[in-house]
Amino acid sequence: MAEKNILDAFKEDQTVEKIDTTRKLKVGIIGCGWIADAHISEYKRMDDVEIVAGADLIPGKAEAFFKKNGLEGIRCYPDHKSMLDSEELDAVSVCTYNRTHAECTIYALKKGVNVLLEKPMSVTLEEAVEICRAEKESGKLLSIGFQPRFDPNMKMIKKIVESGELGDIYYIQTGGGRRRGIPTPFGTSFIEDKTAGVGAMGDIGCYSLDMVLNAIGYPKPLTVTGYTSAHFGQNPGYWKAENKPTEYADLFTVEDFAAGFVRLEGGIMLDFRIAWAMHLDTPGDTIIMGTKGSLRIPSTECWNGSVGGAMKIYHEVCGEGVITEIPILHDHSRGCFYNKIRSFLNAIKEGGSSPVPSSQIIINQAIIDGIVKSAKLGHEITVEIPEI
Ligand SMILES: NC(=O)c1ccc[n+]([C@@H]2O[C@H](COP(=O)([O-])OP(=O)(O)OC[C@H]3O[C@@H](n4cnc5c(N)ncnc54)[C@H](O)[C@@H]3O)[C@@H](O)[C@H]2O)c1
């Protein structure tokens, strides 16, 4: 296997995709900011996609966005409603900041449009429930934009757990973070409560939760003890050192660090922490502990959607403690972001199920919501996810 990987590392993308170009899909983009660029780049590579419309609240932003991306004749709208009221679309990418994820997604689903929704699913659990209900009523497809799902190393984590190699899982530690890395690439939409709603958890924490919860089949959370803080984001000195406006400290109204201790169904404890900034390199590797073995997943310079080094399984062979190393697997496909969009479009065309279903990600959101609520209350809370 190692030999095959060495040879594979020199190969160009050999995959030949069979795409039915006789049926073109009409696509619209809601929110023409930073991540919309990644969506449009991938849609442009697909022969069965016709990008027809886009919307952004900021006047002129959608027009400038399509021009920059070399697309002409795209109809631009001042918000998601006017676009969805005027256009006949097969699919939309919801690329707005977190606070408007729910309203844009629900409106699109109600209009009979399939939705690829950027992560995090929403800000609150209540919004996630409303999204799931709208999806169910509409009969349309909703996929949540967790591209690391398509990384071969992430798939390997799930395969290892499902193989039974680790036995029954009873404790998981996950999360990670950056020593300095509060994201303000094009303004303050990540750091203000009115646009982001959640900070480090909604940006990168949801990925690390998905990495382990997807591997173990997304058991429901029962209770959560949560903690959040903002010691870096609310400090003008942080922004000065980063050569950013010190006024950002006043605007900073989300968390830059969060921790949660979560009791999951099936007798599993989940220990989670995530940081946008800290006086530390990493709060620890991800570990999945089982009755027959444990898996260590080295932390990354959070979060590039992969693993930070070779994974290790600690287990026993003939009664001796041994370590099995899993070398990093290289992705020779068109990349995670392409695959996240392609899998969504394929599911629309083929009537398949959602590649990253809301029925799973609502649990991810319930944990984030539980941490926020528990942190505010200062004690453990019980999590209840209503029937959809
Ligand atoms: N998957 C990834 O790798 C990845 C990376 C970065 C960001 N994201 C996610 O993408 C989302 C957007 O992030 P961003 O950095 O692009 O933000 P951004 O602030 O650059 O862009 C968001 C845009 O949405 C527009 N908008 C908000 N509500 C709208 C509405 N109702 N109708 C039309 N336009 C609306 C805003 O005006 C803004 O221009 C966030 O939820 C973030 O978590 C995902």
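Predicted model: local features only at pLDDT ≥ 70, side-chain atom pairs only at ≥ 80, totals over all residues.
Reader: What is the radius of gyration of the protein, and why does it agree with a compact globule?
Author: Along the principal axes, the C-alpha atoms fill a box of roughly 65 × 50 × 45 Å. A compact globule with 388 residues would have a radius of gyration near 21 Å, and the protein agrees with this because its own value is 21 Å.

Reader: Which strands are the edge strands of the open sheet?
Author: The open sheet is formed by 9 strands with mixed pairing, in the order S14-S13-S12-S11-S7-S10-S9-S8-S15. An edge strand pairs on one side only, and this holds for strand S14 (320–326) and strand S15 (381–382).

Reader: Is strand S10 largely enclosed or open, and why?
Author: Strand S10 is joined to S7 by 7 bridges in the parallel sense, with Gly175 opposite Arg273 in S10. It is joined to S9 by 8 bridges in the antiparallel sense, with Val262 opposite Leu270 in S10. Of the 8 residues in strand S10 (residues 268–275), 6 are buried, so the rest of the structure leaves this strand largely enclosed.

Reader: Which residue takes a positive phi in the hairpin of S9 and S10?
Author: The two strands of this hairpin run antiparallel, and 3 residues lie between them. The residue in the hairpin with a positive phi, near 90°, is Gly266.

Reader: What is the bridge partner of Thr286 in S12?
Author: Strand S11 (residues 286–290) pairs with strand S12 (residues 293–297) over 4 bridges, and the sense of this pairing is antiparallel. Within S12, the bridge partner of Thr286 is Ile297.

Reader: At about what angle to S12 does helix H7 run?
Author: Helix H7 (residues 152–163) lies across several strands, among them S11, S12 and strand S13 (311–317). Another helix, H12 (residues 358–377), lies across strand S8 (221–229), strand S9 (257–264) and S15, and runs at about 55° to S8. For helix H7, the angle to S12 is about 175°.

Reader: Which helix supplies the largest share of the shell around the ligand?
Author: The ligand is surrounded by 28 residues, the closest being Gly31, Gly33, Trp34, Thr96 and Ser189, and the shell divides into 12 nonpolar, 10 polar and 6 charged residues. Helix H2 (34–44) and helix H8 (200–215) each supply at least two residues of it. The largest share, 3 residues, comes from H2.

Note on methods: Residues numbered from 1 in each chain as written. Pairing = 2+ DSSP bridges. Contact = placed C-beta atoms within 7 Å. Axes fitted to C-alpha atoms, helices over the stretch in contact; angles between N-to-C directions. Rg over C-alpha atoms; globule rule 2.2 N^0.38 Å. Near = placed C-beta within 6 Å. Nonpolar A, V, L, I, M, F, W, Y, C, P; charged D, E, K, R; others polar. Buried ≥ 20, exposed ≤ 12 C-beta atoms within 10 Å, placed from the backbone.
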